[in-house]
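These are my notebook entries on a structure that is new to me. I set down what I looked up, chain by chain and then contact by contact.

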Amino acid sequence: MTNPIHNPSNDLFGEDEVTIEATLNGRPLRRRVKARQHLADFLRQEMELTGTHLGCEHGICGACTVLIDGRTARGCLTLAAQISGKTVDTIEGLAESGKLAGLQAEFIARNAAQCAFCSSGMLLTAYELLSSGETSSRAEIREFISGNMCRCTGYHAIVDAVEAAIALQGKS
Amino acid sequence: MSADAASGIGARIPRRELKRLLSGHGRYIDDIKLPRMLHACFVRSPHPHARLVALEVAAAKRAPGVAAVFTAADINPRCEPFVGVALHRPGHRSAPQHLMAAERAVWQGQPVAIVVAESRAEAEDAAELLTAEWQPLPAVGDQLQAIAPGAPVIHAELGDNVAFDFSLEKGEPVKAFADADIVIEEELRFERQMAMTLETRGLIADYNPGDGSLTVMHAHQSPFQMQEIFSRHLRIPEHKVRVIAPDIGGGFGMKLNVYSDEIATVVASMLLGRPVKFCVDRLESFVSDAQARDHRIKCRIALKRTGEIRAMELDDIGAVGAYGMPMRFNVAEGMMAITMAGAPYVFENYKGRTRSVYVNKNLIGMYRGVGMPFACIVGELLTDLAADALGIDTVEFKRRNYWPKSSLPCVTPGGQRLETVSFHECLEKLVRLVSYEALRKEQAELRKRGIYRGIGIATFCEQTAYGPPYYGPSGASISTQDGCTLRLEPSGSVRCITSLTDQGQGTLTSVAQIVAEAVGVSIDQVSVLGGDSAISPYGGGAWASRGTAIGGEAALRAGAMLRKNILALASTLTQTPADALTITESQVINTRTRQAVISLAEIGRIGYFRQDTLPRDFDVQLSVSASFAANDKMYYMANGVQASYVEVDCDTGFISMLGHWAVDDCGRLVNPLLVEEQVRGGIVQGIGAVLFEECLYSEDANLLNGTMADYLVPMAGEMPDIVVEHVETPEASTRLGAKGIGEGGLIGAMGSAWVAVNDALKPLGAKIRHQPFTPERVLDALARARGR
Amino acid sequence: MKARNFRFIRPASLDHAYRILAENEGDAVPIAGGQSLLAGLNMRLSAPKLLVDIGDLKELVGESQADGTVCLGALTRHRELLGSELVKKHVPLLVRAASHIGHVAIRNRGTLGGSLANADPAAELPACAVALGATLVLGSVKGERAVKAEDFFTGLFETDLRPGELIVAVRFPVMPTGTKIGFAELARRHGDFALVGLAALASMHRDRIGDARLAYFGCVDRARLARSVSAAVEGLATPLPSAASFEAAIRMDLAPEDTAGLRADTKLHMAAVLTRRVLNSLAARAPA
C-alpha cells in the first residue's frame with residue numbers, strides 16, 4: 001500500500017493516481033486523486049466545492065486562489081497530489097467558519113463585487129492581508145491585491161472595503 | 001405611492017446576490033452538472049488562412065472516454081448558415097458562415113472539429129490525436145492591407161474584402177473646410193482589443209431526444225436571442241427551446257454575440273441525445289471570443305478664429321474579421337464613430353465615411369461602448385487641440401461650443417437626437433469636483449520642474465436602451481422590449497419574473513427596488529428571477545445599457561397593475577373605495593383614517609384559497625404581466641463628462657494614472673450605488689484600453705500574445721481612485737425616467753485618458769495617436785518631437 | 001487547458017529523489033513550487049512522464065551563516081526571503097528583488113531553487129544571484145558540485161544543470177561593509193515579468209562608483225554580468241547627468257532582440273535609463 005505522503009524509497013516510478021491525506025476546510029480528507037489534476041479542478045469536480053473559480057489556468061488572474069497551510073496559493077498552479085500532508089481552505093470553508101464575516105460585510109456594503117467571479121480569490125487575498133495584522137495604506141492594499149483580476153469593479157470599492165476591514169480589525 | 005427610502009427607487013442597495021456569491025455559493029455555468037453530461041473541446045485552425053487538405057479523426061474517436069468526434073460534415077448540415085448583414089444597410093455584405101470550417105479556415109481559431117468526451121481532459125487528450133493537414137494561404141492581417149490593390153480576397157464571391165462602405169454628409173463641409181481659419185487634422189489608430197470577462201464563455205446544451213426539446217443553460221446576455229437562433233437555425237420549433245442564463249461572470253457585450261462553437265455544441269447534443277457542456281478555456285478565448293476596436297480613423301475639424309466650429313470630418317476604416325457577426329452587426333462600431341463624433345458641440349457641416357473590411361482574424365462583435373469611445377476620443381481630442389490653437393482653455397472652449405440648453409431638442413449633423421442632455425451642468429459640476437484651476441496651476445508648476453502631467457476632460461453623449469426603430473429595420477430578430485410578471489404569493493410576498501439578465505451590474509436589484517416601491521412592500525419581500533426564456537415575458541436581456549431603463553419601466557408598470565388589482569380585492573373585502581386605499585409595507589392602508597385595513601398576506605390567503613367568500617363575478621388577478629418597448633424611440637440619450645489626471649515619465653514612457661473623476665447623467669437614479677460602481681468599472685476598462693490592451697499579431701496575422709501574461713488587463717496596482725458624481729435629467733418619455741449607464745464609464749474614460757496623455761506631452765511637442773499608449777509608443781512620440 | 005497525463009511521486013528523501021531522477025532520465029521533472037512548471041503543463045507546452053515532488057524535502061530547506069557565506073536551501077520560498085532576518089542583514093538585494101516577484105500567492109509557493117533552475121531571462125532572482133556572486137550547490141546520484149551563478153545560466157531558459165541534478169542550496173557571500181545595492185525594474189504592471197531590470201552591487205568611494213557588479217534581466221536572453229558597463233562606470237562620480245558614459249557599453253553587454261511590442265532599441269534605451277537611476281541611487285542608500 002502506498003504511503004500517501006511519501007512513496008517508499010524503493011519506488012522509483014510513481015503512479016498516475018495517488019492517495020492523499022490532507023485537511024480540507026477543517027475536516028480530514030483521504031482520497032485517490034489523478035496526478036494530472038490541479039487542485040482547483042479537484043476541489044471543483046471531485047469535492048464539488050465550486051466556489052473556487054477558473055479564470056485562466058495559468059496563474060495570472062487569481063480567481064482560483066485558495067489557502068494552503070494558511071497562505072494564499074493558486075489552485076491552478078498546485079497539483080491535488082501536492083496537498084498531501086497540508087491544510088487547504090476554500091471560500092466555502094472560510095465563509096462557514098465566520099472568519100470572512102467582517103470582510104464580506106464591508107465588500108457587500110460598498111458593492112465591492114459585481115459579477116463576483118473574482119470575489120472568492122479576492123476575499124482570500126484580503127483575508128491574508130488582514131491576517132498579517134499590518135495596517136496598510138491604500139497603495140499597499142492595491143499592491144497586495146494586484147494578483148487578483150477584477151473586470152467589473154475597477155478596484156476602488158474593493159480597496160475601500162479592505163481599508164475599512166483593516167481599520168475595524170485595528171479597533172478590536 | 002409610498003417611497004421606502006431604504007429600499008425603493010433611489011436607495012443605495014448593494015447587488016442582492018452578493019451575500020450568496022461572496023460565500024462561494026454561486027452557480028456559474030461551469031459549476032453545473034447534469035446527469036450523463038459530456039464535455040466538449042474544439043480543434044481549431046492554427047492558421048489565419050489555410051486550406052484544410054486532410055483531417056484524420058479515427059485515432060481521436062478511439063481515445064479513452066470519447067463519445068464522438070464531429071467535423072463539418074456532421075455538424076454543418078444541421079444548421080442554417082449565418083449571414084451577418086444588416087438589412088437596412090444597403091450594400092452590407094458577408095459570406096455565409098457555417099458552424100465549422102470545411103475545406104478552408106479563414107481565421108486562426110476557427111473551429112474544425114468538436115471532440116466530446118467524459119471529461120474535458122480526455123477530450124483534450126483525444127483532440128491531440130486528431131491530425132489535420134493544412135496548406136497555408138496568404139493571410140490578410142489589417143484593413144489597409146485588405147483594401148490595397150491586389151490584396152487576397154478572402155471570400156471570392158464578394159469580389160473584394162469590403163463588407164460595408166457608407167458615407168453621410170450634412171451641410172457644406174467642403175466649403176466649410178476651405179473657408180476655415182483653422183483646420184486640425186489627425187490620424188488615429190486603435191489596436192484590436194477584447195472584453196476579457198473573468199469567466200469565459202460557456203454553455204450546457206441539453207437536447208432531449210424523448211420530446212425533441214432543447215434546453216440550453218447559457219452564459220449569455222440574451223437568452224431570447226439565443227432561443228430564436230437555436231430555433232431558427234437548428235430547425236426546432238421555438239416553443240420547444242428554452243435558454244436559461246445562470247450566474248454569469250461578466251458580459252460587457254462579449255457574451256451577447258453569436259458563436260459558431262456554442263451552436264456546434266448544441267448540435268453535438270442533438271446528435272448524441274445527451275447534455276454536452278462546453279466551457280471556453282482562457283487560451284482558446286483569445287482565438288474565439290468576439291473582439292473589438294480594430295480601427296483607423298482620419299479626422300479633422302474646421303474652426304473660425306472666433307472659436308466657432310465650422311465643420312468636422314471622419315474617415316473610419318474597421319477590420320471586422322472574417323465574417324459578419326450575425327445579429328450584432330459589425331458595422332456598428334464604424335457607424336457610431338461617424339454619427340456620434342462631436343455630438344455635444346454646435347456645428348452644421350459634417351462629412352463622415354465608414355468602411356468595414358474583412359481580414360483573416362476573429363470576428364468583431366459587441367463590446368462595451370461599441371463605436372462610442374471612438375466618437376468621444378475624436379471629438380474630445382480635436383476640440384482640445386482646437387482650444388489650444390485658439391489660445392483658450394479647453395473647458396472654456398466647451399462652455400462656448402456645447403449645444404445650449406435652449407436649442408434642445410435638436411438633431412446633430414451626425415443625426416443624433418439630443419433631448420434631455422445636460423452637457424453644461426455636468427461640465428460645471430466636474431470643474432468644481434476636480435478643482436480645475438488648482439489642478440492646472442499644479443500642472444504648470446510641475447512642468448517647470450520637468451514633471452509632465454496631463455489633464456484630460458472628455459464629454460460624451462451615449463445612446464442607451466435602443467428601441468424598436470434601431471433593430472427593427474435591420475432584420476435582426478432582436479427584441480427591444482422587456483417584460484415582467486409579478487405574482488403576489490399567498491403569504492403576501494412578491495415574486496418577480498423578469499426577462500432581464502444580470503451579469504453583475506445589479507439589474508435585478510434595481511428591478512426589485514422598483515417593484516417594491518410600485519407595489520408597496522419592503523424590498524426583502526420581493527424575489528426576482530431573470531434570464532429564463534421560458535418563464536418570463538418575451539424580452540431582450542442585457543446590452544446597450546438598457547436593463548433598468550426598459551425592464552425597469554416594465555416592472556414599474558407591472559407593479560402599478562398588481563397594486564391596482566390588490567386594491568380592487570381589498571376594496572371589495574373592506575367595503576372601502578379603492579381610491580381611498582394605498583399599500584405601505586405590505587399593509588393596505590385607508591388613506592383617510594391612516595389605519596391598516598388588511599394585510600397582503602390576508603389578501604393572498606383569500607385571493608388564492610377563499611375565492612368562495614368573494615362575490616360571484618369578482619375576478620381575482622393577483623398575478624400580472626407587463627411589457628414595455630418604446631415604439632418610436634431609437635434610444636435614450638444619456639451623457640456625462642470625465643477628467644483624467646496623468647503623469648508621463650518621459651524617460652521610460654510609462655504613464656501613471658493619478659486621479660479620475662466622472663459626472664454622469666443617466667436620468668433617474670434608481671440605485672446610485674450600483675450606478676457609481678458601474679461607472680468605476682467602466683472607467684478602468686477604458687483606462688485599460690488606452691494604456692494596456694492589445695492583441696498583437698505577426699505580419700501574417702498570427703496572434704502573438706494569447707495568454708493573460710501578455711494581454712494586459714488593468715490590475716489594482718496601476719489604477720487610480722475614482723470619484724463619481726451625478727446629475728439627474730430624467731428621460732421624459734417614460735414613467736421611470738431612467739436612462740442607461742452600463743457603458744458611459746468606459747466611453748468617457750477613453751476620451752479623457754487620450755486627451756490627458758497628449759496634454760502631458762504638449763510642452764514637449766509630442767503627440768501620441770496610436771492606442772494603446774505603450775511605453776514604446778510614448779517614447780517614439782517623444783523621439784519624433786525631438787526630430788530623431 | 002488540462003494537463004496531459006503523467007505519474008507523480010513524492011520521494012522520502014533527497015537521496016530517493018536523486019535515484020528517481022537518475023532512473024527516469026529524460027522523462028522526469030522535479031516540481032517544487034510549481035509556479036512556472038504547472039502553467040506550462042496546463043498549456044500542454046511540455047510532456048513529462050513523471051513529476052517528482054521535491055517540495056517537502058527537509059534537506060532542501062533552511063538558512064544558515066558560516067565562513068562569510070549565507071546559505072539558503074533551494075526550497076526557500078520567495079515569501080521567506082522577504083521575512084528572513086538573516087537575508088535582510090546580509091543579502092538585502094534579495095529582499096529588494098523578492099517583492100517584485102509575481103504576487104503574494106506566487107511568492108508563497110515559488111522557490112529560490114525553482115526560479116534559478118527555470119532561468120527565465122525576465123526573472124529577478126537569477127540576476128540577483130549573478131550580481132551577488134552566488135554559488136549554486138548542485139546534487140545528484142553522482143554527488144554534489146558547486147557552480148558559480150555567473151557560469152550557471154547558459155542560454156535562453158538554459159542552465160548548467162545536468163540530467164538528474166537538482167539545485168540543493170545557494171551560497172551568497174556576505175557583502176563587505178560599505179557595499180551598496182541597487183535594484184530596479186520596469187514592468188507594465190506590478191508583478192509582471194520585467195521589460196528591463198537591473199540588480200546591482202557596488203563599492204562606493206564617497207560619490208564615486210568603485211567595483212560594480214551589474215546583472216540585467218528582462219532585455220537579455222539570460223542573467224549575466226554586464227562587464228563592459230561595470231568597466232565603463234568605474235570611477236565615475238554620481239549623480240551621473242546622462243547615460244553617455246555607458247550607453248555604448250550597454251549595447252555591447254545586452255544585445256537585445258526585437259520582440260512583439262518592444263523593439264531592441266527601446267530596450268536599450270530603457271536599460272540606459274534604469275542604469276542611470278540605479279547608479280544614482282547607490283550613494284543615497286545606507287550601506288548594505
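Entry 1, terms and model. I count two residues as in contact if their C-beta atoms, placed from the backbone, lie within 7 Å. I also note at the start that this is a predicted model.

Entry 2, chain B as a whole. I applied the contact criterion to chain B: of its contacts with a separation of 6 or more, 80% are accounted for by residues 24 or more positions apart. I then looked up the secondary structure and found 21 helices and 29 strands in chain B. The radius of gyration of chain B is 28 Å, close to the 28 Å that the globule rule gives for 788 residues, so chain B is as compact as a globular protein of that length. Along the principal axes, the C-alpha atoms of chain B fill a box of roughly 90 × 70 × 45 Å. Of the 788 residues in chain B, 62% are buried.

I looked up the division of chain B and found domain 1 (18–25 + 481–628), domain 2 (32–137 + 196–288) and domain 3 (371–464 + 635–786). Between domain 1 and domain 2 of chain B, the C-alpha centres lie 39 Å apart. Their contact involves 15 residues from domain 1 of chain B and 17 residues from domain 2 of chain B.

Entry 4, a sheet in chain B. I traced an open sheet of 4 strands in chain B, in the order β21-β20-β19-β25, with mixed pairing. Why is one side of β21 and of β25 of chain B left without a neighbour in the sheet? Both β21 (526–530) and β25 (623–628) of chain B stand at the edges with a single partner strand each, so one side of each has no neighbour there. On average, neighbouring strands of this sheet are turned by 20° against each other, direction ignored.

Entry 5, chain A as a whole. For chain A I found 6 helices and 5 strands. Along the sequence, the pattern of chain A reads β-β-α-β-β-β-α-α-α-α-α. The radius of gyration of chain A is 17 Å, close to the 16 Å that the globule rule gives for 172 residues, so chain A is as compact as a globular protein of that length. The C-alpha atoms of chain A fill a box of roughly 55 × 30 × 25 Å along the principal axes. I noted that buried residues make up 62% of the 172 residues in chain A. Of the contacts in chain A between residues at least 6 apart in sequence, 58% join residues at least 24 apart.

The domain assignment of chain A gives domain 1 (17–90) and domain 2 (98–171). Their C-alpha centres lie 22 Å apart. I found 13 residues of domain 1 of chain A in contact with 10 residues of domain 2 of chain A. On the domain 1 side of this contact, β3 (65–68) and β4 (71–74) of chain A each supply at least two residues. β3(A) gives the most to that side, with 3 residues. By class, that side divides into 5 nonpolar, 7 polar and 1 charged.

Methods: Residues numbered from 1 in each chain as written. Chains lettered and ligands numbered in written order. Predicted model: local features only at pLDDT ≥ 70, side-chain atom pairs only at ≥ 80, totals over all residues. Rg over C-alpha atoms; globule rule 2.2 N^0.38 Å. Buried ≥ 20, exposed ≤ 12 C-beta atoms within 10 Å, placed from the backbone. Pairing = 2+ DSSP bridges. Axes fitted to C-alpha atoms, helices over the stretch in contact; angles between N-to-C directions. Domains from an automatic or database assignment. Nonpolar A, V, L, I, M, F, W, Y, C, P; charged D, E, K, R; others polar.
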